[in-house]
Amino acid sequence: DIADKGLLPFVEWAKSGESIELRYKSPWRSTEIKTFQGRILRVHFSDGNLYLLFHDKTDREFILNASFIKESKVLPESIKFPNNTPSSEKLSAENWLEGFGVWSGAELQDIEIQILAPASEYYAAQRWHIDQEDTLQDGVLIRKLKSIISPELVRRILSLGSFVKSIKPDALKKEVLTQAEALV
């Protein structure tokens, strides 16, 4: 299914620097299909989703979720970019792989989630983040990692249900509670 979403062409186009056109519609941001022209800088698979770091012809960089791409094609002529190189520090390579989520450039925070037994044993076998630190204390899994407070992380915590003992920092806890209330 991932290959059907264009994984192989996206990787090839990123490597070659091809000028491409994407027709894209995010259900979260638009009611109409948008057309972007530019190049793919990186392809990244995270938390069950394929993402593209895209450099468009107006010299902006942004993240696209590949599942929202309706059509993609190589353009017959190369696009001339104003600076010809990516300019955004916000979406630099360092931010691409750091933290959890959509690489918004937000500041990384110290996250701690405590998970009650018996779910603690199940989640102790899962890797959420390459740099996570897990400890078991009286059957409670204490998972620590650096992350932004992202929708992906909030959804992951919500999926734990009644096995959540505590969440830090308070801003993350507040966002989880807000989403839980909206669910109810």
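This is a short tour of two places in a predicted model, to follow in your viewer.

**Stop one: a serine in a loop**

Start by selecting Ser19. You will find Ser19 in the loop that runs between helix 1 (7–16) and strand 1 (20–24). Is Ser19 buried or exposed? Its relative accessibility is 4%, and buried means under 20%, so Ser19 counts as buried.

Now show the side chain of Ser19 and look for the backbone nitrogen of Ile79, which that side chain reaches at 2.8 Å. Beyond its neighbours within four places in sequence, Ser19 is in contact with Gly38, Lys73, Val74, Leu75, Glu77, Ser78 and Ile79.

**Stop two: a pair of helices**

Move on and select helix 4 (residues 151–158) together with helix 5 (residues 170–183). At what angle do helix 4 and helix 5 pack? The angle is about 65°, and the two axes are 10 Å apart. Helix 4 and helix 5 are therefore roughly perpendicular to each other, and their crossing is right-handed.

Show the side chains where the two helices meet. From helix 4, pick Leu153, Val154, Ile157 and Leu158; from helix 5, pick Leu172, Glu175, Val176, Gln179 and Ala180. Sorted by class, this contact has seven nonpolar residues, one polar and one charged.

**Stop three: what covers helix 4**

Keep helix 4 on screen and highlight its buried residues: Glu152, Leu153, Val154, Arg156 and Ile157. Then bring back the surroundings. The elements covering these buried residues include helix 5 as well as strand 3 (49–56), strand 6 (109–115), strand 8 (140–147) and strand 9 (164–168).

Definitions and conventions: Residues numbered from 1 in each chain as written. Predicted model: local features only at pLDDT ≥ 70, side-chain atom pairs only at ≥ 80, totals over all residues. Heavy atoms only, no water. Helix = DSSP H or I, 4+ residues; strand = E, 2+ residues; numbered from the N terminus. Buried < 20%, exposed > 50% of the residue type's maximum accessible area, 1.4 Å probe, protein only. Polar contact = N/O pair within 3.5 Å; in protein donor to acceptor, adjacent residues only side chain to side chain. Contact = heavy atoms within 4.5 Å. Axes fitted to C-alpha atoms, helices over the stretch in contact; angles between N-to-C directions. Parallel < 35°, antiparallel > 145°, perpendicular 65-115°, else oblique. Left-handed = near helix turned anticlockwise from the far one by under 90°. Nonpolar A, V, L, I, M, F, W, Y, C, P; charged D, E, K, R; others polar.
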